[in-house]
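Hi,

Here is the structure I promised to hand over. Could you open it next to this note and read along?

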Amino acid sequence: MARNMSDDTASPSGEIFPERSARIGFSRNRLVRHSERREKASDIAAMMALPEARSFVIAGDVPILRRDGEAFTPRFTMAEAGALAPVAETALLGTLDGTPLFATLIAAGEAERLKESGLFAIDLRSIAVQGLLPQDELGPLGEGKALMDWHRRHGFCANCGARTASASGGWRRDCAACGAQHFPRTDPVVIMLSVRGERCLLGRQARFAPGMYSCLAGFVEPGETVEDAVRRETMEEAGIRTGRVRYLASQPWPFPSSLMIGCLAEALDEDLVVDAIELEHARWFTRAEVGAMLRGEHPDGLTAPLPFAIAHHILKAFVEEGEGF
Ligand SMILES: [Zn+2]
């Protein structure tokens with residue numbers, strides 16, 4: 001199989017397959033996670049002791065980077081990672097081409113001190129937007145950031161309130177007081193493009209950059225399918241009934257721990273009733289107009305989300321691949 005590096009993604013065993021999801025920031029992740037070895041503390045310790053083992057270092061929720069020639073790298077040797085600051089947590093993220101990769105959590109307050117010593121503390125969104133790291137590194141770093149941030153925010157048992165402790169190579173927290181086991185959470189979010197013939201529905205939130213429009217989105221609620229969440233959110237935010245729903249691609253979104261599930265939605269109505277609390281504005285856009293926005297050539301200066309966001313790729317599928325109903 002031809003391996004086009006920009007279009008491939010990893011299976012759990014590290015093979016790569018071409019699919020839409022793999023083109024999106026944070027989605028491309030070639031780590032083999034070795035979940036079956038997490039329970040064996042001796043295995044984890046042996047991997048950590050290998051001279052080629054490396055670790056990301058996360059200060060609170062901010063990755064620490066260092067200069068590597070002209071480029072940046074988030075990788076430190078295990079000794080370096082352990083010496084930067086007191087280590088709060090460590091987790092095995094997986095192996096990449098046989099090399100173990102860990103994540104190390106240090107206190108958020110250490111970032112300023114490390115910056116003074118010549119290192120860089122740059123939030124993950126800025127790293128992605130500015131393209132500071134290779135695409136291959138963004139997925140594993142997002143994994144590490146999401147996992148460390150979860151540890152940081154789940155130091156106490158949600159069941160009884162006692163302190164919890166990391167277990168299973170950093171992929172679980174156990175409560176000794178009540179026996180509860182807590183697992184890292186992933187919160188599903190639907191992000192959808194409502195399509196009606198040659199037009200699609202885009203909206204903007206007040207916090208967006210001026211002139212930027214994007215897909216509507218919302219969290220999936222308990223008891224809801226992906227399709228029903230698409231239909232509910234589209235009705236709540238824009239007053240539009242939805243028919244068919246089709247899955248397009250997904251994207252881990254580590255802010256703090258979402259999984260964006262990208263869908264196309266068949267709009268059954270045209271008249272918008274916009275929820276002014278959720279959206280500042282929403283309207284229908286033609287395929288040609290969205291194409292101009294993606295290219296940065298819209299006559300009114302309107303723009304679409306950048307390529308590191310899944311919305312960009314959903315819009316591209318509509319414009320360039322003729323996706324629709
Ligand atoms: Zn408990």
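A quick definition to start: four donors count as tetrahedral if all angles lie between 85 and 135 degrees, donors being N, O and S atoms within 2.8 Å of the metal (3.2 Å for Na, K and Ca). Please keep in mind that this is a predicted model, in which local features need pLDDT of at least 70, side-chain atom pairs count only at pLDDT 80 or more, and totals for chains, interfaces and linings use all residues. Residues are numbered from 1 along each chain as its sequence is written, and side-chain values use heavy atoms, with hydrogens and water left out.

Now the zinc site. The SG atoms of C157, C160, C175 and C178 coordinate the zinc ion at 2.2 to 2.4 Å. Because the four donor atoms subtend angles of 100 to 115 degrees around the zinc ion, the arrangement is tetrahedral. Along the sequence, the donor residues follow the spacing C-x2-C-x14-C-x2-C.

As for accessibility (buried is under 20% relative accessible area, exposed over 50%, partly exposed in between; 1.4 Å probe, protein chains only), C160 is partly exposed at 41%, and C178 is partly exposed at 34%.

Then there is a helix pair (helices are DSSP runs of H or I, at least four residues, numbered from the N terminus). R287, V290, G291 and L294 in helix 7 meet H312, L315, K316, F318 and V319 in helix 8, where contact means heavy atoms within 4.5 Å.

Happy browsing!

Note on methods. Tetrahedral: all angles 85-135°; square planar, octahedral: opposite > 155°, others 65-115°. Helix = DSSP H or I, 4+ residues; strand = E, 2+ residues; numbered from the N terminus.
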